[in-house]
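Colleague: I have the sequence and the model open, and I would like to go through a few parts of the structure with you. Could you take my questions one at a time?

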Amino acid sequence: MQDKLLLLKQATLFHELADAELMPIAQASHLQHYAAHTLLFTAGEPATHCYLLIHGLVRLYRLTPDGKEKVIELIRAGDTFAEAVVFLKKPYPVYAQALETIDVLAIPSQILLQEIQSKPALSLKLLANLSRRLHQFLNDIHALSLENAQQRVAGFLLAMPEQELATLSIPKATIASRLGLTPETFSRVLGKLKEQGVISETNGGLYVLDVQGLRQVLNGTH
C-alpha cells in the first residue's frame, strides 16, 4: 500500500494531497505490467480505469476511416491519462498502446470520480491538468495549420528531453504521425537538419548540436 501511495504522490495530479486523502485511491488501484506493443484499451471500450504511467512510454492514437493510425499524444512516466473520460462517462475515444515495456497504476474511474467530488484540491489539480493538455492541443493545431515540416520537427526536437532524444525509444513512424507527417517526409527533414549541422544521429539516437540554429528553423529564419 505504501508503494502505491509513493507512486501516486510522484504524479502532478496527486502530489499535493495528503496520504490520508490518497488512501482510497491507493487501496482501489492496482499495478499492471505490459509488454511492448500491448494495447491497454481500445477506442469504444468502456472507460473503466484511468492510468498513471510509472515507467515506459505510451502512445494514444485514433484510426482514420481508411485505417491509418494518427498519434494524438505521447504519454511519459509520471503522466496520467484517460482521466477526462471519468467526467464524460463515455467509452475511451482513443487506443492506448505501450511503445515499450511499461508499468502503470490502474485507477478505477468510479473511485476517482468519488474522490474528485469530495476533494476540491484534487478537482482543481485535474482541471489544471486538463487545461495544460488543451493548451498543448491548441499548439498542435497551430503547428499543423501554420508550420511547415521542418518547423514541426524542430519544435518537437526542442521540446524533447535530451536523454530521451539520445535513446530515441519512440519509433520514427510514431513521431511522424504525431507531427502530421509521412515517415518519408520526417526522414527527409532529419537528413536536411543533419546536413545543416543542426543535429546528428548516432546509434539510433538524435543529438542537437546547435540549439540556436534549431530555434531559427522553428521561427522560419534559418
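Colleague: How many bridges pair β4 with β5, and in which sense do they run?

Modeller: Strand β4 (residues 57-63) and β5 pair in the antiparallel sense over 7 bridges, where two strands count as paired if DSSP finds at least two bridges between them. Strands (E, at least two residues) and helices (H or I, at least four) are DSSP runs, numbered from the N terminus. Within that pairing, Val-58 has Ile-75 of β5 as its bridge partner. Please keep in mind that this is a predicted model, in which local features need pLDDT of at least 70 and side-chain atom pairs count only at pLDDT 80 or more, while totals for chains, interfaces and linings use all residues. Residues are numbered from 1 along each chain as its sequence is written, and side-chain values use heavy atoms, with hydrogens and water left out.

Colleague: Which sheet do they belong to, and what is the strand order?

Modeller: It is an open sheet of 4 strands in the order β2-β7-β4-β5, with antiparallel pairing. At the edges are β2 (39-41) and β5 (69-76), each of which pairs on one side only. On average, neighbouring strands of this sheet are turned by 30° against each other, direction ignored, the angle being taken between N-to-C directions of axes fitted to C-alpha atoms, on a scale from 0 to 180 degrees.

Colleague: Moving on to β3, is that strand buried or exposed?

Modeller: Strand β3 (residues 49-55) has 5 of its 7 residues buried, so it is largely enclosed by the rest of the structure. Here buried means under 20% relative accessible area, exposed over 50%, and partly exposed in between, with a 1.4 Å probe and protein chains only.

Colleague: And which strands does β3 pair with?

Modeller: β3 pairs in the antiparallel sense with strand β8 (residues 102-108) over 6 bridges, and there His-49 stands opposite Pro-108. β3 is also joined by 2 bridges to strand β6 (residues 80-81), again running antiparallel, with Tyr-51 bridged to Phe-81 of β6.

Colleague: Changing topic, how do α6 and α10 cross?

Modeller: The axes of helix α6 (residues 149-159) and helix α10 (residues 211-219) come within 7 Å and cross at roughly 140°. The two helices are therefore oblique to each other, since angles under 35 degrees count as roughly parallel, over 145 as roughly antiparallel, 65 to 115 as roughly perpendicular and the rest as oblique.

Colleague: Last one: what does Glu-115 touch?

Modeller: Glu-115 touches Glu-21, Pro-24, Ile-25 and Leu-122, not counting residues up to four places away in sequence, where contact means heavy atoms within 4.5 Å. Glu-115 lies in helix α4 (residues 109-118) and is buried, with a relative accessible area of 8%.
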